[in-house]
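Dear colleague,

I am handing over the structure below, together with an account of what was found in it. Please look through the sequence and the model before reading on.

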Amino acid sequence: MVCPVCFHHCILSEGQCGRCRARKNVNGTVVCDNYGKVTALALDPIEKKPLKHFMPGSLILSVGSYGCNLSCPFCQNHDISMGDSGTMEYREISPEELAELAAVYNRQSDRYGRKNIGVAFTYNEPLTGYEFVRDTSRMVRERGMKNVLVTNGTAELAVLEEILPFIDAMNIDLKGFTDSYYRKLGGSLEAVKAFICRAAETCHVELTTLIVPGENDSEEEIEREAEWIASVDQEIVLHVTRFFPRYKMTDRQATDVGTVYRLRDTAGKHLKNVYTGNC
C-alpha cells in the first residue's frame, strides 16, 4: 500500500510503518498508528509556538504525539519526533477528551489573568496523524475555541484541505530556501512552498527559519526567501531563530547572534514583520 499523506509516498507491506513511524499498513489500509497517543501536553504562552501576531498574551493547550516525516539532525524534540509506538511512553486520549480539557482551561485564568484559547498541535509533526488533528480541531471549534498547527509543511495538499476548515493559525517551518538543503533533511522545498501558499489563503500564517551555521546562513539565501514570502503576502510574519547544537548536529557552535540580527535586517527589506528567536 502507498501512504498518501506526504511526498515520500512510502510503499508499505502488511504491518510495516512508514519513515515517519506514525503511519502503518494494517489489513491493507494505511492507518494513523499514533491516533490519540499523546506524549506531551502543556499549557503554553501562544508566543512559544512561535506566534507573534495571533492573539498575543494568551495561553494555548499544546499537544504532541510521536513521529515525523523529516530527519533534521538538529531536532530539539527528537526524543518524541523520532520515536514510535514501541519506544515511546504515551497516554491515550480521545478528541472529545482533549477538547473538553481545553474547555476546562478556557474557563480558568492563571495568575496573570490569561485563559486558554484552544489547542495547538505541535512538538512532533502533527500531520503524520492528521486524522486526530482533524477530529479534535472540529470539536475544539464547536466549543468556541481556536486551533493552532505547528508543522513542517510537507504534507500533501489533500491532507491540508482536510484540516483547513478548522485551523485558525499556523506556524510553518521554512527550513531554508535551497533544494539541496531540504534534501539533506529528507524534505522538499517545493512541497513546503505549495503548502504555505495554500495555508496563507485561509488562515493566519507565520513562518520560522532556524539559521544553522554553514547551511542556510547566507544573506543571499535569506533575501531570496524573503522575496518569495513577500510575493505570497508581505504581511506574513517571519521568525529568524538561532541554532543551538542538538541531537546529531553537535559539530558546530550556536549561531552567532550578530548573524541572526543581520539576517533579520536583510529579510526586513522585503517583509513588514521579521523577528528574532533564541537570541
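In β2, Arg 23 has Cys 32 as its bridge partner. Please keep in mind throughout that this is a predicted model. Strand β1 (residues 23–26) and β2 run antiparallel and are joined by four bridges, and together they form a hairpin with two residues between them, where Asn 27 in the turn has a positive phi of about 55°.

**The open sheet**

Eight strands make up an open sheet of mixed pairing, and their order is β4-β5-β7-β8-β9-β10-β11-β12. At its edges lie β4 (40–45) and β12 (274–277), each of which pairs on one side only. Neighbouring strands of this sheet are turned against each other by 20° on average, with direction ignored. Helix α6 packs on the sheet, where it touches β8 (146–151), β9 (169–173) and β10 (204–211), and the direction of α6 makes about 165° with that of β9.

Two of the pairings can be followed in detail. Strands β7 and β8 pair in the parallel sense over four bridges, and Val 119 has Asn 147 in β8 as its bridge partner; β8 itself is mostly covered, with five of its six residues buried. Strand β11 (residues 237–242) runs parallel to β12 and is joined to it by four bridges, with His 239 standing opposite Tyr 275 in β12.

In the loop between β7 (116–121) and α3 (130–142) one finds Thr 122, which counts as buried because its relative accessibility is 7%, the cut-off for buried being under 20%. Leaving aside neighbours within four places in sequence, Thr 122 is in contact with Lys 49, Ser 62, Val 63, Gly 64 and Val 150.

**The nonpolar core**

The largest nonpolar core has 54 residues, and those with the most contacts inside it are Leu 149, Met 170, Ile 172, Leu 174, Leu 207, Ile 229 and Leu 238. Helix α6 (residues 189–200) contributes five residues, the largest share of this core. Ile 172, when residues up to four places away in sequence are not counted, touches a set of residues that includes Val 192, Phe 195, Ile 196 and Ala 199, as well as Val 205, Glu 206, Leu 207 and Thr 208; Thr 151, Asn 152 and Gly 153 are also among the residues that Ile 172 touches.

**Helices α7 and α8**

How are α7 and α8 placed against each other? Helix α7 (residues 219–232) packs with α8 at an angle of about 40°, and their axes are 8 Å apart, in a crossing that is right-handed. From α7 the contact involves Glu 219, Ile 222, Glu 223 and Ala 226, and from α8 it involves Arg 262, Leu 263, Thr 266 and Ala 267. By class, four residues of this contact are nonpolar, one is polar and three are charged.

The loop between α8 (257–267) and β12 contains Gly 268, which counts as partly exposed because its relative accessibility is 37%, a value for which the cut-offs are 20% for buried and 50% for exposed. Gly 268 and Glu 223 are 45 residues apart along the chain, and their C-alpha atoms are separated by 9.0 Å.

With kind regards

Conventions: Residues numbered from 1 in each chain as written. Predicted model: local features only at pLDDT ≥ 70, side-chain atom pairs only at ≥ 80, totals over all residues. Heavy atoms only, no water. Core = buried A, V, L, I, M, F, W, Y, C linked by side-chain atoms within 4.5 Å. Buried < 20%, exposed > 50% of the residue type's maximum accessible area, 1.4 Å probe, protein only. Contact = heavy atoms within 4.5 Å. Pairing = 2+ DSSP bridges. Axes fitted to C-alpha atoms, helices over the stretch in contact; angles between N-to-C directions. Left-handed = near helix turned anticlockwise from the far one by under 90°. Nonpolar A, V, L, I, M, F, W, Y, C, P; charged D, E, K, R; others polar.
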